[in-house]
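Here is a short tour to go with the structure you are about to open. Have a look around first, and then let the notes below guide you.

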Amino acid sequence: MSQDRLQELRSQVDVINLQILELLNKRASIVTDIGKVQTELGTSFYDPAREAFMLHNLEKNNKGPFSNETIKALFREIFRASMALEEQQAKAKILVQRKSPDQRTVITLPNGAVIGDGSFTVITGPCAVESYEQMDETAAALAQRGIKIIRGMAYKPRTSPYEFQGLGEQGLQIARQVADKYGMVITSEIMDQSQIMMFMDYVDIFWVGARNMQNSFLLKSLGKINKPVILKRGLSATLEEFLYSAEYIVSSGNPNVILIERGIRTFEKWTRNTLDIGGVAVLKLESHLPVVVDISHSAGRRDIAKPLARVAKASGADGLMVEVHPNPPVALSDAKQQLTIPEFHALMDEIADRETAF
Ligand code: PEP
Ligand code: MN
């Protein structure tokens, strides 16, 4: 008899379980719709006032036997699970996220330079434009090795305000003249939204430096232009933060973003930064955007350029970035890390030799 009673009660519980299951999922799908509206409105998924109101309402209507504390604990779990669902749905929509293994962003520049197509692109040039002669001498060497993208840095974000800050617009004019002479495209670092129109006249690829990676207003503005953007990883930025910064540009309308890993701040002192090569591999896996390895700022020294270039190539990156100067000891910035022209040629030989090695 009591066995039958047990069976019957258990059947009732089974039915209620299914009802709760159905209600939970019904609730979850409504929450998903709420998440969509919140995304449109740009509001946060977490609304503490709304949560407090729901808990208060449950408490008011609770007739037991569960205590108010138990009911609140159970519902808090439901709220957490719902919020996780909203976040998961929002993430699935992230534009820079790779949706299939063969998805890749390939960027073609006006002079035919391509990045992201599976080849290994070298972006190089001096740390800063210092004079016409310095740019011309560098570009002539670069042209010998078929380099198509040159750094034409005219605004330098230096640690100290008393250090060389770049030649400004005059530097961009020099870079443009030299790049045109050798059929190269220019990439140059932009400091502020207000410079976009002026840069449009000189630059083929906009460049956002590490210190500006999280300047969301600048990123959104660069999303509205029709030229590619190089985005460098912030000094202490996580990969997630890095990709969200790229997302600002892409979601504002510009799909052509190139990511540069430039080393992150760690306790290590023998290198200027620590090259996060694992991060490069993860970025290649998580995103369809091209990834380039900066072997200059990540090291801060020229004597390990060759092994870092080999590592960059082996990591599956789409290219590397290295600084080259005709006379590094007298360079106005980053004297310790810029390669001499003979060192640049040796580096190019090294990575060409490795063409089939990996
Ligand atoms: C640069 O590459 O010119 C530069 C300033 O590097 P970062 O922004 O990574 O410090
Ligand atoms: Mn530099």
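Welcome to this predicted model. In its largest nonpolar core, which has 65 residues, the members that touch the most others are Phe206, Leu222, Leu231, Leu259, Ile295 and Leu320. From that core we move on to the ligand site and then to the domains.

**Nonpolar cores**
- Leaving aside residues up to four places away in sequence, Leu320 touches Phe120, Thr121, Val122, Ile123, Val292, Val293, Ile295, Ala309, Ala312, Leu347 and Ile351.
- Another core of 15 residues lies apart from the largest one, and its members include Ile123, Ile149, Ile205 and Ile260.
- As a general background, nonpolar side chains in soluble globular proteins tend to be buried together.

**Ligand 1 and its shell**
- Around ligand 1 you will find Arg151, Lys156, Glu189, Trp207, Gly209, Ala210, Arg211, Lys232, Arg262 and His297.

**Polar contacts of ligand 1**
- The side chain of Arg211 places an N or O atom 2.8 Å from an oxygen atom of ligand 1.
- For Lys232, a polar side-chain atom is 2.8 Å from an oxygen atom of the ligand.
- In Lys156, a side-chain N or O atom lies 3.2 Å from an oxygen atom of ligand 1.
- On its own, ligand 1 has 300 Å² of accessible area, and the protein covers 97% of that.

**Domains**
- The protein chain divides into domain 1, residues 2-91, and domain 2, residues 107-357.
- Taken over C-alpha atoms, the centres of domain 1 and domain 2 are 50 Å apart.

Note on methods:
Residues are numbered from 1 along each chain as its sequence is written. Chains are lettered from A and ligands numbered from 1 in the order in which they are written. This is a predicted model: local features need pLDDT of at least 70, side-chain atom pairs count only at pLDDT 80 or more; totals for chains, interfaces and linings use all residues. Side-chain values use heavy atoms; hydrogens and water are left out. A nonpolar core is a set of buried Ala, Val, Leu, Ile, Met, Phe, Trp, Tyr and Cys residues joined through side-chain atoms within 4.5 Å. Buried means under 20% relative accessible area, exposed over 50%, partly exposed in between (1.4 Å probe, protein chains only). Contact means heavy atoms within 4.5 Å. A residue is near a molecule or strand if one of its heavy atoms lies within 4 Å of it. A polar contact is a pair of N or O atoms within 3.5 Å; within protein, one must be able to donate a hydrogen and the other to accept it, and residues adjacent in sequence count only if both atoms are side-chain atoms. Accessible areas come from the Shrake-Rupley method with a 1.4 Å probe; for residues, only the protein chains shown count as cover. Domain bounds come from an automatic or database domain assignment.
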